[in-house]
Amino acid sequence: VQTISEVLASQVPQKQADLLALKKEHGSKVLGEVTVDQCIGGARGVKCMLWETSNLDAEEGIRFRGLTIPDCQQVLPTFKGPSGPENGEPLLESLFWLLLTSEVPTKEQVDTLTADLHKRAELPGHVVGILNSLPKDMHPMTQFTIGLNAAQTGSAFAAAYQAGAPKSSYHDYVLEDILNVVAQLPEIAATIYRNVYFDGVVEKDTSLDYSGNFCRMLGYNDPSFDELMRLYLCIHTDHEGGNASAHTTHLVGSTLSDPYLSYAAGLNALAGPLHGLANQEVLGWIQGIQKKMAAEGKEINAETITEFTWDTLNAKKVIPGYGHAVLRKTDPRYTCQREFALKHMPDDELFKIVNTIYEVMPGILTEHGKTKNPYPNVDSHSGVLLWHYGFTQFQYYTVLFGVSRAVGALSQLYWDRALGLPLERPKSVTPEFIKNFCEKQ
Ligand code: FCX
């Protein structure tokens, strides 16, 4: 069985040649124009970044290397151990393989990757020491990024660069780091979870896959929760390149900062409430409804949710979990989580609330008239599923997103270096420039 490193090594020369040919044939063609609105408005829709691993269609949602989420659920290897169902969710390692290589792996190939990741997982002693010294009331995302930055002492790429490695070899060292980062993130994440909410003890079961073992490290021992974690970790991996966490990783990596530092920067972007932190905000918002209705002796139903939604909007706040910069329909990452809930927890109280929110919210946001997309995104469903299994520490939810997003952002970072992509450095302009330039037209 070929390892992932061998498969990638065999792909690189052809990919490099393909990109050179693309540049040679089409390098001077125009992909689009940039309006003043786009320049001021966060570069929405500006096509200025190459991204190999996934593509986001405004109507259809995400495709990982051309495959939709239902396609992935059909074709990617699943966990078929004694505690898992036959037709379970894809293994995170199988999606990692797909994103890196663009090939659907066999179960044997996936098993080699699982074993490799388990072998690489141990944290340097000082990282655990630093994590243990952090105050328990420090936000878990802050702890997460500190932990990953601290683990950077192990960067093979940083060491090779300092030793004078040639550019043509960068991607080999970067791959080494990427595999180590993906392997070590659950260790960092679980240490934080167990430190902040429990006794600090992390137990493992490396006879399981990446997600199953991660669940044990967090302290969960339920095959159904393992399945949720597999689905969760798969669907949060990648969402093309423009989202803030992936883009930040790509940007910082373009300075030849190593994968540890690049992805730690991406995590800082993920920690923002308009991005990954929205999954925490959703739970907080639902609890706000519960508290208010309990205090007023009212039921939670379409009418009271509508009332609470308008209170939020009138207070000039966003409804977390709704809207998207690119999507214009219900996020398929929402839909697959909804299907998981229908299968595993159809009578769950919180799931029913989320469903009622889904029934009324698009209409309210349309009437409100601001958001270009009144439909739910991934974050509006993920917390409710975790809550069902007793995972109620919602300030921690974005860390789970962060474990997963590494797999997409870092798979792309491999290709960034393998294809020799340059320092990213777009041109900024002053308001005076825009004014003068436009007045001359
Ligand atoms: N509630 C209230 N107002 C919203 C809204 C929402 N859920 N979504 C968008 N709007 C508002 C914007 O704030 C903006 O108002 P403004 O003109 O006063 O600045 C207006 O509608 C137009 O925004 P729009 O172009 O539709 O959306 P953007 O591309 O600017 O922003 C995000 C996209 C995702 C940031 C926005 O929809 C939002 O704030 N949603 C809530 C937070 C959230 O769920 N984020 C997670 C997104 C994602 F899935 C992820 O990264 O994890």
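A residue is called buried if 20 or more other C-beta atoms lie within 10 Å of its own, exposed if 12 or fewer do, and partly exposed in between, with the C-beta atoms placed from the backbone. The structure is a predicted model, in which local features need pLDDT of at least 70 and side-chain atom pairs count only at pLDDT 80 or more, while totals for chains, interfaces and linings use all residues. Residues are numbered from 1 along each chain as its sequence is written.

Arginine 65 sits in the loop between strand E2 (61-64) and helix H3 (69-75), where helices (H or I, at least four residues) and strands (E, at least two) are DSSP runs numbered from the N terminus. Arginine 65 counts as buried because 20 other C-beta atoms lie within 10 Å. Lysine 316, in the loop between H15 and H16, is exposed because it has 6 other C-beta atoms within 10 Å. Most residues other than glycine have a negative phi. Arginine 65, however, has a positive phi of about 45 degrees, and the phi of lysine 316 is positive too, near 60 degrees. Histidine 275 lies in the loop between helix H13 (259-270) and helix H14 (278-296), and it is partly exposed because 19 other C-beta atoms lie within 10 Å.

Next comes helix H17 (residues 349-368), whose 20 residues reach 28 Å from the first C-alpha to the last, close to the 28 Å expected at 1.5 Å a residue, the expected span being 1.5 Å times one less than the number of residues. H17 bends by about 35 degrees at valine 360, and proline 362 follows within four residues; the bend is the angle between axes fitted to the seven residues ending at a residue and the seven starting there. The buried residues of H17 are Phe351, Val354, Ile357, Met361 and Leu365. Just after H17, glycine 369 takes a positive phi of about 85 degrees.

Finally, the largest nonpolar core has 110 residues, and those with the most contacts inside it are Leu95, Val182 and Leu410. Helix H9 (residues 170-197) gives the most to this core, with 14 residues. Such a core is a set of buried Ala, Val, Leu, Ile, Met, Phe, Trp, Tyr and Cys residues joined through C-beta atoms within 7 Å. Leaving aside neighbours within four places in sequence, leucine 410 is in contact (C-beta atoms, placed from the backbone, within 7 Å) with Ile178, Val181, Val182, Pro259 and Tyr263.

Methods
Contact = placed C-beta atoms within 7 Å.
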